[in-house]
Amino acid sequence: MKILVIGSGGRESAIVYAIKKSKKVTDVYCAPGNGGTADTAKNVNIEQDDVEGLLSFALENKIDLTVVGPEVPLSMGIADEFNKAGLKIFGPNKKASLLESSKKYAKDFFKRNSIKTVDYASFTNFVDAADFVKQKSHPVVIKVDGLAAGKGVFISNGFEQSKDILDSVFNEKIFGKSGETVIIEDFIDGFELSYMVITDGISYKPLITGMDYKKIYDGDTGENTGGMGAITPNPHISKTLTDKINETIIVPTLKGLKNEGIDYKGVLYAGIIIKNDEIYVLEFNVRFGDPETQAVLVRLKSDIIDLFMSVVNENLKDCELVFDDNKSICLVLSSEGYPKKYKTGYEISFNGIEDISAEYKYEYHIFHAGTKKIGGKYYTNGGRVMNICVNGKTPEIVDIAYDIAKKINFENKYYRKDIGKIYARY
């Protein structure tokens, strides 16, 4: 089979890695890819939002299956266009993707389908939003309606801070069209978790649970990012809790989608918060998380192509989904200054890391994210540069990840020092 993976991040690098383990695959393309996928796949110089260009490439090269990594092409309707052309694609259609591309749509969907969520109100102008938040007790959560690469969520501790956030969104337009509508919701002090399932629109299968680290600084402080690390399994989740999540969130969502005539095929990723045993869904993503996917896929034992094709062909219930019984960690190396301003173009050195495998009893993977390859050398090319993943049975995986992190060097390298701390101290 010929497979096309759309995207350029660490998530896509991990998807390529999983795909290449399948004996059914002959060629893997990645559009546009990164410095790492240049080694593991055939990079294609087409941007992820160039739907017409990607469709033309898939048709011309007789691609058997396309896998969409990021949310932007899904929100643009790439699945609809590929399906019209008779091409197989893994990822939900444009209407289904509104669950992520519009937080207001998602919140209203939860309300229509009696899915428990946090109380909220939506606004389209500064004055009304500021008047509303002035009457609210703080803290509150302020979210831009549209896609913002994980950076459009703010926790405000007072009215003046809320007013500044609303001013930057509505008047300074720092998020452009994504910030034309704002959601203001109550703050709940509980523990958050990410919960991903695969669905073909008929049945669903949960992935192993993960715990992600969204804040830029240790101790979950600072600004939100796209993700600074992840571990599996989530140490806070029991089978009783996953059963309750499935019963109160996943099943009603899939039923509501079906009742509203929405054909959902792909990943459904619920952002959940739990307080006093009550489960609230905060938001949905319509694709694999990043970096959660990296930590999940290094533990996948079954064939990912079988999984993708079972979704496309609507026979997921017959597909065997198998993971090992290990733990895993994904540690993100980023450019200092991310998620705000940062510099790129620095050469990356690995200090002989390719030759040190014998030192470790557990397997490790280095998934490139914001990198490019020029003349056989790798350079930084994004905010999140590289992902270090280690898979094994003991907390030693944390020490190994940080040992590798010290060996990989580039100017302005930054990473959190507490990823996986719940497993081990170092």
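Biologist: Which residues in α8 meet which ones in α9?
Modeller: On the α8 side you have Phe126, Ala129, Ala130, Val133 and Lys134, and they meet Phe159, Ser162, Lys163, Leu166, Asp167, Phe170 and Asn171 in α9. Contact here means heavy atoms within 4.5 Å. Helices (H or I, at least four residues) and strands (E, at least two) are DSSP runs, numbered from the N terminus.

Biologist: And how do the residues of that contact divide into nonpolar, polar and charged?
Modeller: Seven are nonpolar, two polar and three charged. Ala, Val, Leu, Ile, Met, Phe, Trp, Tyr, Cys and Pro count as nonpolar, Asp, Glu, Lys and Arg as charged, and the others, Gly among them, as polar.

Biologist: Before we go on, what kind of model is this?
Modeller: A predicted one: local features need pLDDT of at least 70 and side-chain atom pairs count only at pLDDT 80 or more, while totals for chains, interfaces and linings use all residues. Residues are numbered from 1 along each chain as its sequence is written, and side-chain values use heavy atoms, with hydrogens and water left out.

Biologist: OK, back to the helix pair. At what angle do the axes of α8 and α9 cross?
Modeller: Roughly 165°, with the axes of α8 (residues 126-134) and α9 (residues 159-171) coming within 10 Å. Axes are lines fitted to C-alpha atoms, for helices over the stretch in contact, and angles run from 0 to 180 degrees between N-to-C directions. The two helices are therefore roughly antiparallel, a label for angles over 145 degrees; under 35 is roughly parallel, 65 to 115 roughly perpendicular and the rest oblique.

Biologist: Which residues of α8 are buried?
Modeller: Ala129, Ala130 and Val133. They cover an arc of only 95° around the axis, so they sit on the same side of α8; the arc is that of the directions from the helix axis to the C-beta atoms. Buried means under 20% relative accessible area, exposed over 50%, partly exposed in between (1.4 Å probe, protein chains only).

Biologist: Where's His138?
Modeller: In the loop between α8 and β7. His138 is partly exposed, at 23% relative accessible area. Setting aside neighbours within four places in sequence, His138 touches Val133, Ser156, Asn157, Gly158, Phe159 and Ser162.

Biologist: Switching to α6 and α7: how do their axes cross?
Modeller: At roughly 95°, and the axes of α6 (residues 94-101) and α7 (residues 103-112) come within 6 Å. That makes α6 roughly perpendicular to α7. Lys95, Leu98, Leu99, Glu100 and Ser101 in α6 meet Lys103, Tyr105, Ala106 and Phe109 in α7.

Biologist: Now the backbone. Which peptide bond to Pro233 is cis?
Modeller: The one from Thr232, with omega near -10°. Pro233 is in the loop between β15 (229-232) and α10 (239-259). Tyr338 and Pro339 are also joined by a cis peptide bond, with omega about 15°. Most residues other than glycine have a negative phi, and most peptide bonds are trans.

Biologist: And what's the phi of Lys62?
Modeller: Near 50°, a positive value in a residue other than glycine. Lys62 lies in the loop between α3 (51-60) and β4 (65-68). Asn276 isn't a glycine either, yet has a positive phi of about 50°.

Biologist: Is Asn276 buried or exposed?
Modeller: Exposed, at 67% relative accessibility. Asn276 sits in the loop between β16 (266-275) and β17 (278-285).
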